[in-house]
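Please look over the structure below before reading on, and keep it at hand while you follow the report.

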Amino acid sequence: RFRRGTDYHRPHRADVVFDFQRVFGRFPFFQKERAEVPHRRFEARNLRSGLRFLVEFVAADGLASAAIAGLLFCAYLFTASLTFISGDELFLFDYTESLAKHGSVWRSETAELEWPGESTTEPLQPLLAAPLYWFVNNFDGIGNVHGTLLFNPLITALTGTLVFLYLRRLAFDRLTSIIAALAFGLTTLAWPYTKTFFREPL
C-alpha cells in the first residue's frame with residue numbers, strides 16, 4: 001500500500017532522457033545542415049533568400065534550360081497532329097473557348113452532346129489554356145484549334161526543363177541532368193500525350 005506522503009518511485013521527467021538528435025538526426029528532414037550544391041549553399045531562412053537563390057540558380061543554367069525547352073518543343077511541333085481524337089478533348093477545348101471569349105463555364109459547341117452544356121471537368125487546364133486561345137484568336141490566319149493544341153507541347157517542354165533544374169538542385173552535373181531531361185521528354189509517354197489536348201501533361 002502507498003500512503004499519502006510516502007516517497008515511492010514515480011518516473012519523473014528528469015528520469016526520461018530522450019536524445020532527439022541522436023534518434024532523428026540521421027533523417028534528412030531533421031538535419032540542421034542541408035546538402036550543398038557546388039559553389040552554392042542553400043539556406044532558406046526567409047522567402048527573400050529563397051527567391052534570390054532560385055533566380056541565381058536558374059540564371060547559372062539558363063542557357064541549358066532554354067536549349068532543352070526549345071529542342072523538346074521543336075520535336076513536339078514537328079510530330080504534332082493538331083487534331084482531336086476524343087470527345088473529352090472537344091469538351092476541354094469548348095470550355096477553354098468559353099472562358100477566353102465570354103468568361104463563362106457554359107459550353108456552346110458541345111452543349112448538345114451533354115445537355116445543358118455546363119462544364120464538369122477540372123478547370124485548371126482550360127484556365128491556363130484560355131490566354132493562349134485569346135492570343136491566337138487575335139491573329140488572322142492562325143486556327144484557334146491549332147494554336148490551342150500547342151498548349152500541351154509547351155507544357156511538356158517546360159516540364160523537361162523543370163526535370164533538368166531539379167537534378168541540378170540535387171547536385172548532379174550538367175551533362176547528366178540534360179540527358180535525363182531529354183530522356184523524359186523523348187522516351188516516355190510524355191511525347192505521345194503532346195499530340196492531344198488531354199489533361200495528363202499538366
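The model shown here is predicted. Two packed helices are described by the angle between their axes and the distance between the axes. For helix α3, which covers residues 62-78, and helix α7, which covers residues 151-169, the axes come within 8 Å and cross at roughly 145 degrees. The crossing in which α3 passes α7 is right-handed.

Where the helices meet, α3 contributes Ala-64, Ser-65, Ile-68, Ala-69, Leu-72, Phe-73 and Tyr-76. On the side of α7, the residues that they meet are Pro-153, Leu-154, Thr-156, Ala-157, Gly-160, Thr-161, Phe-164 and Leu-165.

Thr-83 is found in the loop between α3 and α4, the latter being residues 87-102. Its relative accessible area is 41%, so Thr-83 is partly exposed, because this class lies between the limit of 20% for buried and that of 50% for exposed.

Leaving aside residues up to four places away in sequence, Thr-83 touches Glu-89, Leu-149 and Lys-195. Although Thr-83 and Lys-195 are 112 residues apart along the chain, their C-alpha atoms are separated by 8.1 Å.

## A nonpolar patch on the surface

Trp-134, Phe-135, Phe-139 and Ile-142 form a nonpolar patch on the surface, and together they have about 440 Å² of accessible area. One of these residues, Phe-139, lies in the loop that runs between α5 (124-137) and α6 (144-148). Phe-139 counts as partly exposed because its relative accessibility is 42%.

Notes
Residues are numbered from 1 along each chain as its sequence is written. This is a predicted model: local features need pLDDT of at least 70, side-chain atom pairs count only at pLDDT 80 or more; totals for chains, interfaces and linings use all residues. Side-chain values use heavy atoms; hydrogens and water are left out. Patches are made of residues with over 30% relative accessible area and no salt bridge: like charges are joined within 9 Å, nonpolar side chains (Val, Leu, Ile, Met, Phe, Trp, Tyr) within 5 Å. Accessible areas come from the Shrake-Rupley method with a 1.4 Å probe; for residues, only the protein chains shown count as cover. A salt bridge is a side-chain nitrogen of Lys or Arg within 4 Å of a carboxyl oxygen of Asp or Glu. Helices (H or I, at least four residues) and strands (E, at least two) are DSSP runs, numbered from the N terminus. Buried means under 20% relative accessible area, exposed over 50%, partly exposed in between (1.4 Å probe, protein chains only). Axes are lines fitted to C-alpha atoms, for helices over the stretch in contact, and angles run from 0 to 180 degrees between N-to-C directions. A crossing is left-handed if the near helix is turned anticlockwise from the far one by less than a right angle, and right-handed if clockwise. Contact means heavy atoms within 4.5 Å.
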